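I opened my notebook today to look up a few spots in a protein model. Here is what I wanted to find out, entry by entry.

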Amino acid sequence: MPDLLFDPTHLVFERDGTCYDIVLTNDPYGGVLVVWPATGYLWRWFPGDRMATLTTNANPYDKENIYHYLEAEHNE
């Protein structure tokens with residue numbers, strides 16, 4: 001995985017009828033921060049392991065869609 005702290009990644013993809021426009025950046029506390037600016041949702045992704053919700057209002061359906069996309073397409 002690239003050094004996301006100095007080269008954040010912007011991804012736009014569709015999964016199960018929802019268009020996701022997210023930003024990935026390294027989290028200094030471990031993992032990768034996954035930000036969906038349009039909704040204010042924030043997660044911490046641990047590649048190859050899990051994705052933790054960091055906002056109370058985040059939709060679990062979207063969390064699963066994003067997690068499975070990241071694991072399939074961006075987990076090196």
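**Entry 1: the kind of model.** I noted at the start that this is a predicted model.

**Entry 2: the helix.** I looked up helix H1, residues 60–73, and found 14 residues in it. From its first C-alpha to its last, H1 reaches 20 Å, close to the 20 Å expected at 1.5 Å a residue. Then I checked how H1 begins. Asparagine 59 caps the N-terminal end, with a side-chain oxygen 2.7 Å from the backbone nitrogen of tyrosine 61.

**Entry 3: the buried side of things.** Which residues of H1 are buried? I listed Asp62, Asn65, Ile66, Tyr67, Tyr69 and Leu70. I also recalled that an α-helix has 3.6 residues a turn, so residues three or four places apart point the same way. The buried residues of H1 pack against strands S1, S2, S3, S4 and S5.

**Entry 4: the core.** I looked for the largest nonpolar core and found that it has 17 residues. Those with the most contacts inside it are Ile22, Val34, Trp43, Met51, Ile66 and Leu70. S1, S2, S3, S4 and H1 each supply at least two residues of this core, and H1 gives the most, with four. A handy reminder for me: in soluble globular proteins, nonpolar side chains tend to be buried together.

**Entry 5: arginine 44.** Where does arginine 44 sit? I found it in strand S4, residues 41–46. Its side chain makes a polar contact with the side chain of aspartate 27, at 2.4 Å. Arginine 44 is also in contact with residues including Tyr29, Gly30 and Arg50. Glycine 30 is 14 residues from arginine 44 in sequence, and their C-alpha atoms are 8.2 Å apart.

**Entry 6: the hairpin.** I followed S4 onward to strand S5, residues 50–53, and saw that the two pair in the antiparallel sense over four bridges. Phenylalanine 46 has arginine 50 of S5 as its bridge partner. Three residues lie between the strands of this hairpin, where glycine 48 takes a positive phi near 80 degrees.

**Entry 7: aspartate 16.** Buried or exposed, I asked of aspartate 16? Aspartate 16 is exposed, with a relative accessible area of 56%. I found aspartate 16 in the loop between S1 and S2. Its phi is positive, near 50 degrees, in a residue other than glycine.

Notes
Residues numbered from 1 in each chain as written. Predicted model: local features only at pLDDT ≥ 70, side-chain atom pairs only at ≥ 80, totals over all residues. Heavy atoms only, no water. Contact = heavy atoms within 4.5 Å. Polar contact = N/O pair within 3.5 Å; in protein donor to acceptor, adjacent residues only side chain to side chain. Pairing = 2+ DSSP bridges. Buried < 20%, exposed > 50% of the residue type's maximum accessible area, 1.4 Å probe, protein only. Expected span 1.5 Å × (residues − 1). Core = buried A, V, L, I, M, F, W, Y, C linked by side-chain atoms within 4.5 Å.
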